[in-house]
Amino acid sequence: MKYRRVLIASAEANVRRAVRRAVEESSHSILTDEIGEDIGAAVQSGSKRYDVIVLDLDGPGGLQQLKSIVSRNLETAVVVLASRPRLEDALQAVRLGVSDVLEKPATPLELTEAIDTALQRRRNPLRRILA
């Protein structure tokens with residue numbers, strides 16, 4: 001059984017716990033890591049490869065962190081969470097290549113479906129173009 005690695009990046013511990021719980025309760029073989037504010041260091045270090053990053057845009061420098069992730073790691077899919085995603089932020093996130101933008105609080109079903117879709121698009125680049 002192949003495990004997928006998901007990084008949950010949020011400055012809010014309650015958001016990290018909720019996402020972790022939703023992901024781990026799904027029927028997937030997923031290993032999760034959590035990080036607070038400095039996602040750049042985790043992604044840049046290269047000590048672990050992540051299949052999907054769930055990024056909370058409400059944290060410090062949310063869009064800047066997203067740009068940093070995209071510039072460093074093109075193979076990692078990104079799902080974005082935001083309290084009230086402003087249209088321009090959501091559009092910019094999509095232009096940067098995120099798989100999905102979810103409004104917080106996202107339900108466990110929304111989270112697992114977004115992660116599933118991100119994993120499928122990551123495995124099949126043509127789907128990324130056609131989606």
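Predicted model: local features only at pLDDT ≥ 70, side-chain atom pairs only at ≥ 80, totals over all residues.
**Overall architecture**

The protein contains 6 helices and 5 strands. Along the sequence, these elements follow the pattern β-α-β-α-β-α-β-α-β-α-α. Of its 131 residues, 44% count as buried.

**Nonpolar cores**

In soluble globular proteins, nonpolar side chains tend to be buried together. In this model, the largest nonpolar core has 18 residues. Those with the most contacts inside this core are Val19, Val52, Val54, Val79, Leu81, Leu102 and Leu111. The elements listed below each supply at least two residues of the core.

| Element | Residue range |
|---|---|
| Strand E1 | residues 4-9 |
| Helix H1 | residues 13-25 |
| Strand E3 | residues 52-56 |
| Strand E4 | residues 77-82 |
| Helix H5 | residues 108-123 |

Helix H5 gives the most to this core, with 5 residues. Leu111 illustrates the packing: leaving aside residues up to four places away in sequence, Leu111 touches Val19, Ala22, Leu81, Leu102 and Ala106. A second, separate core consists of 14 residues, including Leu7, Tyr50, Leu66 and Val80.

**A buried aspartate**

Asp51 is located in the loop between helix H2 (39-45) and strand E3. The relative accessible area of Asp51 is 10%, so this residue counts as buried, the cut-off being under 20%. A polar atom of the Asp51 side chain lies 2.8 Å from the backbone nitrogen of Arg5.

**Helix H4 and its two faces**

Helix H4 spans residues 87-95, and within this helix Asp89, Ala90 and Ala93 are buried. These three residues lie on the same side of H4, because they cover an arc of only 100° around the axis. An α-helix has 3.6 residues a turn, so residues three or four places apart point the same way. The buried residues of H4 pack against helix H3 (62-72) and strand E5 (100-103). On the face turned away from the buried side, H4 carries the exposed residues Leu87 and Arg95. After H4 comes Gly97, which has a positive phi near 105°.

Notes:
Residues numbered from 1 in each chain as written. Heavy atoms only, no water. Core = buried A, V, L, I, M, F, W, Y, C linked by side-chain atoms within 4.5 Å. Buried < 20%, exposed > 50% of the residue type's maximum accessible area, 1.4 Å probe, protein only. Helix = DSSP H or I, 4+ residues; strand = E, 2+ residues; numbered from the N terminus. Contact = heavy atoms within 4.5 Å. Polar contact = N/O pair within 3.5 Å; in protein donor to acceptor, adjacent residues only side chain to side chain. Arc of directions from axis to C-beta.
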